[in-house]
Amino acid sequence: MSRRFVRLLLALCAAMSSTLAAAQDQLVDPNTVRPSREAGRTANGLAMTPPMGWNSWNKHGCKVTEQVIRDTADAIVANGMKAAGYGYVVIDDCWHGDRDKDGFITADASKFPSGIKALADYVHAKGLKFGIYSDAGRKTCGGRPGSQGHEYQDALTYARWGVDYLKYDWCSTGVRNAEEAYALMSDAIRATGRPMLLSICEWGNNRPWEWGAKIGNMWRTTGDIRDAWAGPVTYSLGMMDIVDKNEPLYPFAGPGHWNDPDMLEVGNGGMTDTEYRAHFSLWAMMAAPLIAGNDVAKMDGPTRAILLNADVIAVDQDTLGMQGRRVRDDGDHEVWARPLADGSRAVLLLNRGTTPAEIAVAWPEIGYTAGMASDVRDLWSGTTRRLREGRFSAMVPPHGVVMVKVTPN
Ligand code: GLA
């Protein structure tokens, strides 16, 4: 082959590849199709620790009323939840009435006779923040009007009402591009000038962990939670099924933007208290939003003790904002670790099996030197032990956890 021919061939290849690249550029406009790549885009500076609050869906579904919201706000103040950090009261689906003649959304007057503004004022007067729900499609999952085509108008309405938090769902969205749809609502909220936490609820379908951080503050990673230890049923998942999907996403979480394994079922009756302690502990290990979903006005002692465990909440709310992860998987027995801002580690021993088991962890597995002396505080019993041997073990009940904080000393 002559040199001239080779040169010609190379030039031809270069020309072809630049034509291809140009065609590709035309197809994919990085600014419109990938809003998360826009230079300078940031979310809103909210949720530097995982959001905490209460949402109506898991307990009340479509039966939510303004009385439920008022009673819940009262209870959150009276029962210590507000002091423990549960700050948002969020109405989920089915608060909507029709759009008015100008396209503005109204509340369902039979369930919210005083209107949403009055309800938001009530919640604010309690020192709490107020959240609402909409959907990026034509209809919400409950069949109410969605925000598609009304994004700026709805954001403006929410701002006028005093909304602080928007959960934005993904039903009836057809072929919409998820990143674009959520960026549009994020921009609409920004344009109102009122800060609102944006909860992206598209169930992990379009890998929101890859683009959500510059658009919202949390993104659902899975389908809906079911009040059961494990076992997926159609579109809903048992608690442990969600854990297995959410855990590998740990690198994507951080201050301002969190993986959301869905709202808490603690206190709703489908799991034992031991299982609910595991549920709450795992959510804290995963730096998950702690959005209670039970009847907080009527909860029993064990439920209250779980939702108000200050040590476990402190792990969830740790300012370093690193999501914990599984560091050992022995089938039914697991060890999890989460580095905390003060140099300590939250450590979880998890027994997925049906018989009690002794589970041990050695310090090198959680990033400490082998012989390091430490204080180990059991976050459920509240007792602290000083250890010299560089390892810790405990009997863990079936479907249960032992959660400790290991502090070098
Ligand atoms: C979807 C969401 C749920 C809830 C319902 C309301 O299923 O994932 O969290 O908001 O819609 O209809």
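I began at the ligand, where one of its oxygen atoms is 3.0 Å from an N or O atom in the side chain of Trp 203. I count this as a polar contact, a pair of N or O atoms within 3.5 Å; within protein, one must be able to donate a hydrogen and the other to accept it, and residues adjacent in sequence count only if both atoms are side-chain atoms. The model is predicted: local features need pLDDT of at least 70, side-chain atom pairs count only at pLDDT 80 or more, and totals for chains, interfaces and linings use all residues. Residues are numbered from 1 along each chain as its sequence is written, and side-chain values use heavy atoms, with hydrogens and water left out.

I looked up two further contacts. A polar side-chain atom of Arg 220 is 3.2 Å from a ligand oxygen. For Asp 224, a polar side-chain atom is 2.5 Å from an oxygen of the ligand. Taken alone, the ligand exposes 310 Å², and the protein buries 94% of that (Shrake-Rupley method, 1.4 Å probe; for residues, only the protein chains shown count as cover).

Next I listed the shell, taking a residue as near if one of its heavy atoms lies within 4 Å. Among the residues around the ligand are Trp 57, Asp 92, Asp 93, Tyr 133, Lys 167 and Cys 201. By class, the shell has five nonpolar, one polar and six charged residues. Here Ala, Val, Leu, Ile, Met, Phe, Trp, Tyr, Cys and Pro are nonpolar, Asp, Glu, Lys and Arg are charged, and the others, Gly among them, are polar.

Then I turned to open space. On a 1 Å grid over the protein atoms alone, a cavity is a set of points where a 1.4 Å probe fits but cannot get out; a pocket is an open set with protein on both sides within 12 Å along at least five of seven lines; lining residues have an atom within 4 Å of a point.

Where does the ligand sit? It sits in the largest pocket, as more than half of its atoms lie within 2 Å of the grid points. This pocket holds about 350 Å³ of space. Of its 20 lining residues, the closest to the centre are Trp 57, Cys 141, Asp 169, Asp 224 and Tyr 235. The lining has nine nonpolar, four polar and seven charged residues.

The second largest pocket has about 180 Å³ of space. I found 15 lining residues, with Met 322, Gln 323, Arg 325, Ala 337 and Pro 339 nearest its centre. Eight of the lining residues are nonpolar, three polar and four charged.

How many cavities of 30 Å³ or more does the whole structure have? The search finds one. The largest cavity has a volume of about 70 Å³. Its lining includes Lys 167, Cys 201 and Arg 220. Lys 167, Cys 201 and Arg 220 are also among the residues surrounding the ligand.

Note on methods:
Grid points are joined across faces, edges and corners, and a volume is the space filled by probe spheres set on the points.
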